[in-house]
Amino acid sequence: MAEPAVTLAAAERERRDIVTGEVMDEARLIRFVAGPGGVVVPDLARKLPGRGLWVAADRGSVETAAKKGLFARAAKAKVSAPPDLAPMVESLLKRRLLSGLGLARRAGDLTSGFEKVSAAITAGRAAWLIEASDGAADGRRKLWAKTRKQSPPTPMFGVFTAEELGLALGAENVIHTAFLAGRAADRWAQDAHRLSGFCPLLPESWREEP
């Protein structure tokens, strides 16, 4: 009996990308609205008033929409997009992800420190391994090896420095963190996947590590 409601809910989460015309889940898109003066602004939380203008969550799509006037065409109004719109989206996503980590820590959904993170991975409780981008390679390699033993492997995130993580979590020298599996991790993962369209989730140098 609940099937129609599930189908409707799924349909409500689908929007059309103004660049390609493809209909896809909101989780793969960035919502924009026309702000004061008709300037397009990102609405990552999807809560700002106004008609939503949806673009696939990647740098190329946002740049194309801005350069080719696709926001104005979709809005059927005189709206403009700033030239730095894609970098703005990237910056806002990073800020949102850091804020999400802070909220997760206060809710008990994070664990930090090598031993605690290692235990969480071994127990299959880690939804994400979050490593400081400037942390030492030795501990990271050991934890990374543990993640690859999981099925499926625990994804790793290495965008933020130890200082940035420490500021978000209210601690010092935050190198190893695990986001524990649950709804909060699922919500955070949506923004992490959207960010991957704007910057790599792992530093290039890490890809050469064994």
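This is a predicted model: local features need pLDDT of at least 70, side-chain atom pairs count only at pLDDT 80 or more; totals for chains, interfaces and linings use all residues.
R183 is exposed, with a relative accessible area of 71%, and this residue lies in helix 8.

A contrasting case is E90, which is found in helix 4. E90 counts as buried because its relative accessibility is 14%, and the limit for that word is under 20%. The side chain of E90 makes a polar contact with the side chain of K94, at 2.9 Å. If neighbours within four places in sequence are left aside, E90 is in contact with R59, L195, F198 and C199.

Three strands form an open sheet in the order 4-3-5, and their pairing is antiparallel. Strand 4 (40-42) and strand 5 are the edge strands, since each of them pairs on one side only. On average, and with direction ignored, neighbouring strands of this sheet are turned by 35° against each other. In general, strands of a sheet pair through backbone hydrogen bonds, and the pairing may be parallel or antiparallel. Strand 3 is joined to strand 5 by four bridges, and F32 stands opposite L53 in strand 5. Strand 5 is covered on both faces, with L53 and V55 buried on one side and W54 and A56 buried on the other. Helix 2 lies across strand 3 and strand 5, and it runs at about 135° to strand 5.

Leaving aside neighbours within four places in sequence, the residues in contact with F32 include V40, L53, V62, F71, L85 and V89. The largest nonpolar core has 45 residues, and those that touch the most other members are F32, F71, L101, W128, F157, F179 and W188. Among the elements that each supply at least two residues of this core are strand 3 (29-34), strand 5 (53-56), helix 2 (59-67), strand 7 and helix 8 (183-195). Helix 4 gives the most, with eight residues. A second, separate core has twelve residues, including I121, A126, L202 and W206. In soluble globular proteins, nonpolar side chains tend to be buried together.

In helix 5 (residues 114-122), the buried residues are V117, S118, A120 and I121. Because they cover an arc of only 160° around the axis, they lie on the same side of helix 5. An α-helix has 3.6 residues a turn, so residues three or four places apart point the same way. On the other side of helix 5, E115, K116 and T122 are exposed. What do the buried residues of helix 5 pack against? Their partners are strand 6 (110-112), strand 7 (126-131), helix 6 (137-147) and strand 9 (176-180). Helix 5 is followed by G124, whose phi is positive, near 75°.

How values were computed: Residues are numbered from 1 along each chain as its sequence is written. Side-chain values use heavy atoms; hydrogens and water are left out. Buried means under 20% relative accessible area, exposed over 50%, partly exposed in between (1.4 Å probe, protein chains only). The arc is that of the directions from the helix axis to the C-beta atoms. Contact means heavy atoms within 4.5 Å. A nonpolar core is a set of buried Ala, Val, Leu, Ile, Met, Phe, Trp, Tyr and Cys residues joined through side-chain atoms within 4.5 Å. Two strands pair if DSSP finds at least two bridges between them. Axes are lines fitted to C-alpha atoms, for helices over the stretch in contact, and angles run from 0 to 180 degrees between N-to-C directions. A polar contact is a pair of N or O atoms within 3.5 Å; within protein, one must be able to donate a hydrogen and the other to accept it, and residues adjacent in sequence count only if both atoms are side-chain atoms.
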